Amino acid sequence: GFGFFAIQDKQSGAFIGEAGFHEAHRQITPSLEGTMERGWAILPKNHGRVLATEAVTAALAWADRQFPVLRKTCIIEPGNQASINVALKHGFKEFWRTTYNGRPMVMFERRPKRSEA
């Protein structure tokens, strides 16, 4: 399967955040069932260090090798421009706007490249 990776500082070993994939079985429309839902979270004191971009790059490279035909998705609050920028930088495209747990969300997807599908 797949899951989340811990992100650690190389020098100190301190926990910085996490990144990876899950199938959260969310009650959300449209459904994300059967996709690799992408997630990342960096501790606030580490924001602005390009760590989310590095983590997403590494995790997507792994996922594209291990699960080349699965669609990758993510949901992001519309005000979280930093995460939206990370998603767009990695080829995610907005495909829907919805509400989850009473909060607005933007849904993004990254479809397999034709050579991968």
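**Before you start**

This is a predicted model, in which local features need pLDDT of at least 70, side-chain atom pairs count only at pLDDT 80 or more, and totals for chains, interfaces and linings use all residues. Residues are numbered from 1 along each chain as its sequence is written, and side-chain values use heavy atoms, with hydrogens and water left out.

**Stop 1: the loop between β2 and β3**

Helices (H or I, at least four residues) and strands (E, at least two) are DSSP runs, numbered from the N terminus. Select Pro 30, in the loop between β2 (15-22) and β3 (36-42). Look at the peptide bond from Thr 29 to Pro 30: it is cis, with omega near -5°. Most peptide bonds are trans.

Is Pro 30 buried, exposed or partly exposed? Buried means under 20% relative accessible area, exposed over 50%, and partly exposed in between (1.4 Å probe, protein chains only). Pro 30 has 24% relative accessibility, so it counts as partly exposed.

Now show the contacts of Pro 30 (contact means heavy atoms within 4.5 Å). Leaving aside neighbours within four places in sequence, Pro 30 is in contact with Phe 95, Trp 96 and Met 107. Thr 98 is 68 residues from Pro 30 along the chain, yet their C-alpha atoms are separated by 8.1 Å.

Step back to His 25, in this loop between β2 and β3. The phi of His 25 is near 55°, a positive value in a residue other than glycine. Most residues other than glycine have a negative phi. His 25 is exposed, with a relative accessible area of 52%.

**Stop 2: Val 50**

Move to the loop between β3 and α1 (51-66) and select Val 50. Val 50 is not a glycine, but its phi is positive, about 65°. At 48% relative accessibility, Val 50 is partly exposed.

**Stop 3: helix α2**

Select residues 81-89, helix α2. Which residues of α2 are buried? They are Ser 83, Ile 84, Val 86 and Ala 87. These cover an arc of only 160° around the axis, which puts them on the same side of α2. The arc is that of the directions from the helix axis to the C-beta atoms. An α-helix has 3.6 residues a turn, so residues three or four places apart point the same way.

Show the neighbours of this buried side. Its residues pack against β3, α1, β4 (72-76) and β6 (103-110). The face away from the buried side of α2 carries the exposed residues Ala 82 and Lys 89. After α2 comes Gly 91, with a positive phi near 85°.

**Stop 4: the nonpolar core**

A nonpolar core is a set of buried Ala, Val, Leu, Ile, Met, Phe, Trp, Tyr and Cys residues joined through side-chain atoms within 4.5 Å. The largest one has 22 residues, and Trp 40, Cys 74, Ile 76 and Phe 108 touch the most other members. β2, β3, α1, β4, α2 and β6 each supply at least two residues of this core. The largest share, seven residues, comes from α1.

Another core, of six residues, lies apart from the largest one, and Ile 28, Leu 32, Tyr 100 and Met 105 are among its members.

**Stop 5: Lys 72**

Select Lys 72 in strand β4. Lys 72 is buried, with a relative accessible area of 1%. A polar atom of its side chain lies 2.9 Å from the backbone oxygen of Leu 70. Beyond four places in sequence, the contacts of Lys 72 include Phe 21, Asp 64, Phe 108 and Glu 109.

**Stop 6: pocket and cavity**

On a 1 Å grid over the protein atoms alone, a cavity is a set of points where a 1.4 Å probe fits but cannot get out, and a pocket is an open set with protein on both sides within 12 Å along at least five of seven lines; lining residues have an atom within 4 Å of a point. Grid points are joined across faces, edges and corners, and a volume is the space filled by probe spheres set on the points.

The largest pocket has a volume of about 780 Å³. Of its 32 lining residues, Trp 40, Ala 41, Ile 42, Asn 80 and Ser 83 lie nearest its centre. β3 gives the largest share of this lining, six residues.

Finish at the largest cavity, with a volume of about 50 Å³. Select its lining, which includes His 22, His 25, Ile 28, Leu 32 and Glu 37.

Methods. Polar contact = N/O pair within 3.5 Å; in protein donor to acceptor, adjacent residues only side chain to side chain.
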